[in-house]
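Work through the exercises below with the sequence and the model open. Each task is followed by a solution in steps.

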Amino acid sequence: MPETHGAPRRRDERSQPSRSRDASGRDAPLYGALDLGTNNCRLLIARPSREGFRVVDSFSRIVRLGEGLSRTGLLDPRAMDRAYDALALCAERIVRKGVDSARLSAVATQACRAAENGADFIDRVRKGTGLRLRIIDPAEEARLAVEGCLNLIDPKAEAVLVIDVGGGSTEMSWLKRSGTDWTTTAWMSAPVGVVTLAERHPEPPHSGEAWYEAMVADMGAAIAAGGIVDEPMLELFRQNRAHLVGTSGAITSLAGIHLNLPRYNRDRVDGLWMTRADCEAAADRLKALGPDGRAREACIGPDRADLVLAGAAILEAVQRAWPSERVRVADRGLREGLLLQRMREDKKPPRGRRRRRGRGRPAPAA
């Protein structure tokens with residue numbers, strides 16, 4: 001696995017209890033990253049370490065903030081209440097752990113971007129919980145997802161496509177190797193996520209292949225509309241010299257089904273390699289289970305039962321457009337990117353700081 005500066009090598013290395021120290025020997029400060037998405041509200045609290053960071057606390061709750069948004073253009077009052085309650089719990093954890101507000105990065109994505117009342121909801125959260133959420137644009141969302149997943153790229157690969165499947169949009173970033181580094185050559189944000197796709201294509205009582213194929217075609221049209229044309233890059237995928245990295249609850253759930261896990265295990269899923277045939281077989285199994293069977297699966301549950309096949313359809317559409325025999329599953333992404341970005345910024349010496357002793361001290365009072 002390639003070692004990227006500042007990125008944790010493995011989930012278990014960064015999630016063990018840690019008393020990381022700074023240069024003076026004191027406990028390293030805590031940082032927080034909060035991501036309010038269309039479907040989930042997620043919080044990560046961590047300390048910097050040599051491996052990147054070690055997790056101290058985490059929180060995740062399905063809130064479906066974007067429920068009905070594609071039809072009305074507005075955040076539903078009940079959805080806002082669900083998200084608000086989850087954010088209030090996050091605020092309590094942040095205070096309890098003693099995370100300084102200067103080391104907290106809190107962002108909101110597609111649902112708040114697209115909704116007419118998105119900014120009003122952000123203001124309600126600020127007044128009620130003290131959390132200052134920043135609505136980020138698709139470009140920043142894609143960049144942060146890439147940053148959080150960089151060290152999952154195969155060191156032998158020549159190119160990679162990072163797919164961040166959200167509730168209301170899917171961010172796709174194409175990277176090409178440049179020496180020992182990776183350069184983003186293109187990116188796009190498709191206005192299709194698991195919530196929007198499931199709402200556009202409600203599952204019929206007797207769902208068949210036609211229903212699933214309609215979702216694949218919908219996402220395929222969104223990819224084509226993005227206008228990313230790069231024949232040399234596409235050839236790398238055709239020749240199996242490139243691979244996919246998939247980050248989302250839908251893709252990690254697909255991995256859990258593939259592994260037949262009795263309960264979700266992040267350490268087994270994060271970093272897992274799946275072939276295209278593995279992905280298709282897992283999707284076929286999910287179709288056969290039906291809504292009730294999917295709800296009983298420990299790696300899915302009732303909250304994701306109607307969304308997981310939409311995620312599989314999005315992945316299938318990407319694999320058809322950018323054929324790759326391998327996808328690496330990432331149970332990491334935007335929050336990790338936020339943490340790494342803020343920690344790296346704090347490591348930079350202040351501008352104008354002088355290295356010599358005695359220089360730069362305030363002059364004695366007159």
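**Exercise 1: a cavity lining**

By class, 6 nonpolar, 1 polar and 2 charged residues line the second largest cavity. The classes are: Ala, Val, Leu, Ile, Met, Phe, Trp, Tyr, Cys and Pro nonpolar; Asp, Glu, Lys and Arg charged; the others, Gly among them, polar. The model is predicted, so local features need pLDDT of at least 70 and side-chain atom pairs count only at pLDDT 80 or more, while totals for chains, interfaces and linings use all residues. Residues are numbered from 1 along each chain as its sequence is written, and side-chain values use heavy atoms, with hydrogens and water left out.

Task: identify the residues that line the second largest cavity and the helix that gives the largest share.

Solution. 
- Step 1. A cavity is a set of points on a 1 Å grid over the protein atoms alone where a 1.4 Å probe fits but cannot get out; lining residues have an atom within 4 Å of a point.
- Step 2. At least two lining residues come from each of α12 (276-296) and α13. The largest share, 4 residues, belongs to α13. Helices are DSSP runs (H or I, at least four residues), numbered from the N terminus.

**Exercise 2: two helices in contact**

Task: describe how α10 and α13 are arranged.

Solution. 
- Step 1. The axes of α10 (residues 249-259) and α13 (residues 308-321) come within 8 Å and cross at roughly 95°. Axes are lines fitted to C-alpha atoms over the stretch in contact, and angles run from 0 to 180 degrees between N-to-C directions.
- Step 2. α10 is therefore roughly perpendicular to α13 (65 to 115 degrees).
- Step 3. Ala250, Ile251, Ser253 and Leu254 of α10 meet Val308, Gly311, Ala312 and Leu315 of α13; contact means heavy atoms within 4.5 Å.
- Step 4. This contact has 6 nonpolar, 2 polar and no charged residues.

**Exercise 3: a loop residue**

Task: is Asn117 buried or exposed?

Solution. 
- Step 1. Asn117 sits in the loop between α4 (110-114) and α5 (118-129).
- Step 2. Its relative accessible area is 14%, so Asn117 is buried (under 20% with a 1.4 Å probe, protein chains only; exposed is over 50%).
- Step 3. Beyond neighbours within four places in sequence, Asn117 contacts Leu74, Leu75 and Met80.

Terms used:
Parallel < 35°, antiparallel > 145°, perpendicular 65-115°, else oblique. 1 Å grid on protein atoms, 1.4 Å probe; cavity = no way out; pocket = protein on both sides within 12 Å on 5 of 7 lines; lining within 4 Å.
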